[in-house]
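Open the model in your viewer and keep the selection tool at hand. The tour goes from one stop to the next.

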Amino acid sequence: MIKVVKAELFHIRLATKFVFKTSFGEIKNRDTIIVKLTLNNGIVGYGESAPLSEPVYLEESIGTCKHIINDFLFPIVLGNNLTPKEFVEKTSHFRGNRIAKYGIECALWMIRSQLKSKSIKKLLNSKRTSVCIGESIGLLDSQSERNELIKKRINQGYKRIKLKISPDHDVEVIKNVRKTFPNLSLMVDANSAYSLKDIDVLKELDKYNLLMIEQPLGFDDIIDHAKLQVQIKTPICLDESIVSYEHARKAIELGACKIINVKPGRIGSLYETIRINKLAKKNNIKLWCGGMLEAGIANAFNIYAASLSEFKYPADIFLSNKIFEQDIISPIIDMKAKGEIEIPDKIGLGFKVNEEVIIKNKIDYMIVTS
Ligand code: OSB
Ligand code: MG
């Protein structure tokens, strides 16, 4: 019988080329967790759990993920040959901890692909051959630096610009950018920096023809967002608030958003991402794939998520060499045409995992065998 006989976890730290500043803090070096499952027939699956180091975006952190994966999730996969769906069902009694679960589920998708001799793209029944990408720009103090960067990204082919905003970087910033780039496909992401008390600021932002405003209010809120959506014409896009299919269903029913930024890592499941895709189709809600500056393995899975039918806006998929000194996969993620990334259609991850880079950047390691 085919079964997982070895489960490994690598906590790695990758040097980044720039500091990404948001309303919740700064991302400098990127810590992330690589999961590796080995079957008794030699097949290997890799996944990535990429919480931030601190619980500032969601509740999970690198530390909580290591604990949950090693103590609760490895024992469930070890000695078995679970499909991604079976893994989701078998771990549904563990509340939350979605980013931790995601690393293992991805490794199981990669294993599934090899056992079925079918690419992940085909397992997802994706019809696209490439995904469009946009650029996410962190908080910057200099208006001219920001405008230069936007101009550079437009020239490189990025199809949409997302600017992080915070109470000290909002209306003036957007006013200036709009003046300089009247026709730019532009959106903002507040990472929960506002409340309904700031309605005047949010109504002011509503005047700048923004594609959407992402997560303006509480990280776990849908009620206030529904109250806000009826007062502004800019579509609200939820990120932090939507951590599952059920959250998406309730937010849609309440009218809390018109768009959802689906990060499969935040939902904690590519399987559940497929269910949200169906829900969106039925309710005429548009999706797009966000990112969390993950390393190459999670980023590869972001490409597969972005290939689903209801993902209608450009994705936040960082190109490997823009963010990391050295990524953990090859070929590195790059544009095949201006503003487009090709969707791999190969068996397995679709990229080669460079284990020597993982080992070189490793700061902690756990292993369980059966
Ligand atoms: O809110 O979308 C977010 C990065 C880390 C955590 C949260 C967010 C982000 C980004 C990065 O916006 C966008 C990207 O990866 O391209
Ligand atoms: Mg966001």
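Start with helix α9 (residues 245-254): arginine 249 and glutamate 253 lie four residues apart in this helix, so about one helical turn separates them. This is a predicted model. Show both side chains. They meet in a salt bridge, 2.8 Å from N to O. Arginine 249 is partly exposed, with a relative accessible area of 28%. Glutamate 253 counts as exposed, because its relative accessibility is 62% and the cut-off for exposed is over 50%.

Next, select Arg160, Lys162, Lys164, Asp189, Glu214 and Asp316. Salt bridges with shared partners join these residues into one network. The structure holds 21 salt bridges.

Zoom in on aspartate 316 and lysine 162. Their side chains form a salt bridge at 3.1 Å, N to O. This pair links distant parts of the chain, 154 residues apart. Aspartate 316 sits in the loop between α12 (296-306) and α13 (320-323). Lysine 162 belongs to strand β8 (residues 161-164). Are these two partners buried or exposed? Aspartate 316 is buried, at 7% relative accessibility. Lysine 162 is buried too, at 2%.

Lysine 164 has 9% relative accessibility and counts as buried. Aspartate 189 is buried as well, at 1%.

Now move to the sheet. Select β5, β4, β1 and β17. These four strands make an open sheet in the order β5-β4-β1-β17, with antiparallel pairing. Look at the edges: β5 (44-49) and β17 (362-369) each have a single partner strand, so one side of each lacks a neighbour in the sheet. Turn the view to see the twist, which averages 15° from one strand to the next.

Find isoleucine 34: opposite it stands glutamate 48 in β5.

Last, bring in the helices. Helix α1 (residues 62-77) lies across β1 (4-14), β4, β5 and β17. Its direction runs at about 10° to β4. Helix α3 (residues 98-116) also packs on the sheet, where it touches β4 and β5. The direction of α3 makes about 155° with that of β5.

Methods
Residues are numbered from 1 along each chain as its sequence is written. Chains are lettered from A and ligands numbered from 1 in the order in which they are written. This is a predicted model: local features need pLDDT of at least 70, side-chain atom pairs count only at pLDDT 80 or more; totals for chains, interfaces and linings use all residues. Side-chain values use heavy atoms; hydrogens and water are left out. A salt bridge is a side-chain nitrogen of Lys or Arg within 4 Å of a carboxyl oxygen of Asp or Glu. Helices (H or I, at least four residues) and strands (E, at least two) are DSSP runs, numbered from the N terminus. Buried means under 20% relative accessible area, exposed over 50%, partly exposed in between (1.4 Å probe, protein chains only). Two strands pair if DSSP finds at least two bridges between them. Axes are lines fitted to C-alpha atoms, for helices over the stretch in contact, and angles run from 0 to 180 degrees between N-to-C directions. Contact means heavy atoms within 4.5 Å.
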